[in-house]
Amino acid sequence: MDVKLNVYIPELQTELLRFIRTGADSEKDRYVAIPETLELVDFPVDVQRLHVTYEFELDEKSLDKDVSHDAVVTRLAANVDFFDMSKVETSDMAHDGEWALCRDEVEIYARLLSNDKLSVQFVIIAKRRPIFYIINVMLPVWCIVLFSFLSFRFDSVELGARLQVTLTMVLTLVAFKLSVSTAKYVPITNSMNLMDRFMIAAFVMVALVALQNYIVFELLDIAPWLNIVSAWALIALWIATNAVVFTTFAKALAMVRSGDEVEKKKDVRRLREKDYNRVANLLTATEIQKGVRGIENMWSKHGATACRALEVVASLLEDRNETVRLCKLSLVVTEKKMSSNNPYTLSSVMYLADELESRGKLDEAATLYRRALEGRQKVLGPEHADTLITLNNLAVVLMRQDKLKEAEELHRMELAIREKALGRAHLDTLLSLNNLAITLGERHELNESEKLLREALKGRETVLGPEDPVTLQSVSNLADVLWEQGGDKQDEAEELAWKAMRGRQKVLGDRHVDTLDSLTSLAGMLADQGKRDKAEKLYKRALRSYEKVPGAGREAPVTLTCLHNLGYVLAKQGNVTEAEKVYRRALEARTKVLGPEHPDTLITLSNLADVLANQDKLGEAASLHRRALQARIKVLGPDDADTLESANSLADVLDKQGKGGEAEELRRSARTHPQH
């Protein structure tokens, strides 16, 4: 259905140019008329995406001297707040008041058509109010079918009287259908919509009533009970049909009023393509439980879309182990249907690697990232955006594994490519700059790390503004590096940490994961200053929130880090009994989530052993230190600083147990393995 839509929006060019320069709003408005093709499969409960595309010249006067053309695109694509939806209205769409605009669901996309021409597209969600059609179409049809049931009031032998009622209703229904079809307020479609299906159900029901009248008359002598049974069966069938139809309409009407997304999109809210939505509806528990076979069946009908939808639905599950299982299933099926280096297969590899990395399974994640990187470099090229994302993710994992030299090399490689292709001020380049700086900080090259972080912060403030969450992340990162340098820089570090937390509270809310990260960072600074009572309160406050907020949970790595740090503060306060309880809980969770030989698990294990030793529980303390030492020799090697620390800690406990000979042997062994 083609319609002419008038969308009342701010005067675009003035508005966009003012936003690019200052972020300010324009006070001038106008109507923009655009053609839209409405998709009416779900009429009259349809939801439409209305597109307004605007192109204009972009000259140097439009920009600040420090803002690149790419930065303009990035800023527009990332921000929609300047687009004042309160001023948006529609006209010439069937009838006034028929449509509800979703004021909080505007989207914006921007791209450069050339060096001096910018294209900006607004996408507005409009939902039809179906109450008009329910009252003026659905209700009359429902009454006509109901009146056909009056034929059951006549005796079954009175065939003429019964058929007179039924056929009268058939003719009435035909006349009403013709009237509705020719009405201007009902769109003409070449496909079946919800209203068409309801009308067909009504015709079938009236026809069944007429057929029942005749069959009962013919079989009266053979089955005298048939009249009552068939009549009630038809009534029950009509009630069930109406229950399904009117439930659908009631939900649609409620969603229009509340402004929520269409129910069928709820579980795949990150996917906008209609094929994804269609396939995601097939991802029932039954299909998923069939494993590979069930997903292959979906693949035969919907192709690679089935696995893409499966991965997104998996990401929404609360059970993260089930998420990993489903992502592995998706990868298995994708590999069977496509080559190992097919872009779809490599996307599945990345999806699984991301999930494993978030779960702290770094070895598995690194292996998958290396595979994806090799494949994407070969298929897409070393400078493709997806290849660079993979390069960055692998470097981040390597940093978390303490493979800092290789991580730095990868980050420098990524930065060089992005800077050449996009420029130094592009947001993606600034992200590479930020990640390289963090890696340098981990390598204790703090001066260079500080320099790069300040550059990244300045660039993000220019492009995104000082209160953007990405900018606040740079503020937090710079605060951490300054704190590590100690001395006078710790005053600036603490000031920046407070700035990051207050900004995140304002923009993201008190219980957002990033806000809680700032809270724990401040707690760590307070603990280092000896203000352990305040640090304990902040850690406990953050821990309670981490366990409840989306994106974390009781077993998330960030939650377990907070729990471990709380144990550390309690131990430093001398509250060893409480510290022991916290460390045991952290150890149990980290062993389950990260594995018994993960470096973070071993840190908790060693700290718990120290707390036990301070309580003279020497037997268990020695046992735990021995476990930590054996695991660190296996994972980190005998020369690693943490391995040598474990050896010395175990030796101290052995001395307290009166096993001086074994303790001296451990210390002698540690001295023969100098730290590197």
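Guide: Welcome! A helix here is a DSSP run of H or I with at least four residues, numbered from the N terminus. Please keep in mind that this is a predicted model.

Visitor: How many helices are there in the protein?
Guide: The protein has 676 residues, and 48% of them are buried. Of its contacts with a separation of 6 or more, 63% join residues 24 or more positions apart. Besides 7 strands, the count of helices is 27.

Visitor: Is Val582 buried or exposed?
Guide: The relative accessible area of Val582 is 9%. Buried means under 20%. Because 9% falls under that cut-off, Val582 is buried.

Visitor: What distance separates the C-alpha atoms of Val582 and His564?
Guide: Beyond four places in sequence, Val582 touches Leu563, Leu566, Gly567 and Leu570. His564 sits 18 residues from Val582 along the chain. Between the C-alpha atoms of Val582 and His564, the separation is 7.2 Å.

Visitor: How many nonpolar residues are in the contact of α22 with α23?
Guide: α22 and α23 pass each other in a left-handed crossing. On the α22 side, the residues making the contact include Leu560, Leu563 and Tyr568, and on the α23 side they include Ala579, Val582 and Arg590. Alongside 3 polar and 3 charged residues, the nonpolar ones number 12.

Visitor: How many charged residues does the contact of α14 with α15 have?
Guide: Among the residues that make this contact are Leu388 and Asn392 of α14, with Glu406 and Arg418 of α15. By class, 13 are nonpolar and 2 are polar, and the number of charged residues is 3.

Visitor: At roughly what angle do the axes of helix α19 and helix α20 cross?
Guide: In α19, residues such as Trp498 and Met501 take part in meeting α20, where Leu519 and Leu522 are among the partners. The crossing is left-handed. The axes of α19 (residues 489-507) and α20 (residues 513-528) come within 9 Å and cross at roughly 155°.

Visitor: Which residue has its backbone oxygen 2.9 Å from a polar atom of the side chain of Thr601?
Guide: Thr601 is found in helix α24, residues 599-614. With a relative accessible area of 1%, Thr601 is buried. Beyond four places in sequence, its contacts include Leu587, Arg590 and Pro596. The backbone oxygen 2.9 Å from the side-chain polar atom of Thr601 is that of Gly595.

Conventions:
Residues numbered from 1 in each chain as written. Predicted model: local features only at pLDDT ≥ 70, side-chain atom pairs only at ≥ 80, totals over all residues. Heavy atoms only, no water. Helix = DSSP H or I, 4+ residues; strand = E, 2+ residues; numbered from the N terminus. Buried < 20%, exposed > 50% of the residue type's maximum accessible area, 1.4 Å probe, protein only. Polar contact = N/O pair within 3.5 Å; in protein donor to acceptor, adjacent residues only side chain to side chain. Contact = heavy atoms within 4.5 Å. Left-handed = near helix turned anticlockwise from the far one by under 90°. Nonpolar A, V, L, I, M, F, W, Y, C, P; charged D, E, K, R; others polar. Axes fitted to C-alpha atoms, helices over the stretch in contact; angles between N-to-C directions.
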